[in-house]
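Here are my notes for your first look at this model. Keep the structure open as you read.

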Amino acid sequence: MSSISSFHSILPSHSFDTYVSSRPCPLSTSPRLFHSEADFHYVADETLDAIQDAMEELFEEISSDDEHELEVNCASGVLTIALPPHGTWVINKQTPNRQLWWSSPISGPRRYEYDNGQWVFTRSMDEDGLAKSTLTDALREEIQELYNVNLSFD
């Protein structure tokens, strides 16, 4: 596991560590701004892939009848998670803003920015300016609420 940040623990350690050690810092002087569009795509794609993998593992544990087939799909920077009868979650890359956008039938729309190694919902900050909600935390909480299971990003 990478010790760079808690977010990177959901990424394949070898690929992120190799990427970091072989390139200049992908972030500019502000931790929210990527140095290049390619850096944004790399981190965003790794995030979407890690979430897709975690959901696929979860689907193996959750029994589903034929009427309510669970599905996760990632294509062209858009991750779609269908959990009938609860609804569909969508997480997509927003390249011009360097954000991941979230749409949930439970919590509604949110915009996440990459800050200090994790995707944070910047509208939920504490008095010290620290994010109270991350993308992975939001997904974990909603899955826990619906299925009473813990979503793991190992």
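Helices and strands here are DSSP runs, numbered from the N terminus: a helix (H or I) has at least four residues, a strand (E) at least two.

1. **A loop residue to start with.** The model is predicted. With those names in hand, find Leu 70 in the loop between H2 and E1. Is Leu 70 buried or exposed? Its relative accessible area is 13%, so Leu 70 is buried, the limit being under 20%. Now look back along the chain to Glu 60. Leu 70 and Glu 60 are 10 residues apart in sequence, and their C-alpha atoms are 9.9 Å apart in space.

2. **The sheet.** Six strands make an open sheet: 6 strands in the order E1-E2-E3-E4-E5-E6, with antiparallel pairing. Strand E1 (71-75) and strand E6 (118-121) are the edge strands, and each pairs on one side only. On average, neighbouring strands of this sheet are turned by 20° against each other, direction ignored.

3. E4 pairs with strand E5 (residues 108-115) in the antiparallel sense, over 6 bridges. Within this pairing, Ser 104 stands opposite Gly 108 in E5. Helix H3 (residues 135-147) packs on the sheet. H3 touches strand E2 (78-83), strand E3 (87-94), E4, E5 and E6. The direction of H3 makes about 15° with that of E4.

4. **Gln 99.** This residue belongs to strand E4 (residues 99-104). Gln 99 counts as buried because its relative accessibility is 8%. What does its side chain make a polar contact with? The partner is the side chain of Trp 101, at 2.7 Å. Leaving aside neighbours within four places in sequence, Gln 99 is also in contact with several residues, including Phe 40, Asn 92, Tyr 112 and Trp 119.

5. **The core.** In soluble globular proteins, nonpolar side chains tend to be buried together. The largest nonpolar core here has 32 residues. Which members touch the most others? They are Ile 51, Met 55, Ile 81, Leu 83, Trp 119 and Leu 139. Helix H2 (37-61), E2, E3, E4, E5, E6 and H3 each supply at least two residues. H2 gives the most, with 10 residues.

6. **Aromatic rings.** How many aromatic pairs does a search of the whole structure find? It finds 7. Tyr 112 and Phe 121 form a tilted pair, with 5.8 Å centre to centre and 45° between the planes. Tyr 112 counts as buried, at 0% relative accessibility. Phe 121 is buried too, with a relative accessible area of 16%.

7. **Backbone details to check.** The peptide bond from Pro 84 to Pro 85 is cis, with omega near 5°. Pro 85 sits in the loop between E2 and E3. Next, look at two asparagines. Asn 116, in the loop between E5 and E6, has phi near 50°, a positive value in a residue other than glycine. Asn 116 is exposed, with a relative accessible area of 57%. Asn 148 lies in the segment after H3. Its phi is near 55°, again positive in a residue other than glycine. Asn 148 has a relative accessible area of 61% and is therefore exposed, the limit being over 50%.

Key:
Residues numbered from 1 in each chain as written. Predicted model: local features only at pLDDT ≥ 70, side-chain atom pairs only at ≥ 80, totals over all residues. Heavy atoms only, no water. Buried < 20%, exposed > 50% of the residue type's maximum accessible area, 1.4 Å probe, protein only. Polar contact = N/O pair within 3.5 Å; in protein donor to acceptor, adjacent residues only side chain to side chain. Contact = heavy atoms within 4.5 Å. Pairing = 2+ DSSP bridges. Axes fitted to C-alpha atoms, helices over the stretch in contact; angles between N-to-C directions. Core = buried A, V, L, I, M, F, W, Y, C linked by side-chain atoms within 4.5 Å. Phe/Tyr/Trp six-rings, centres within 6.5 Å; stacked < 30°, edge-to-face > 60°.
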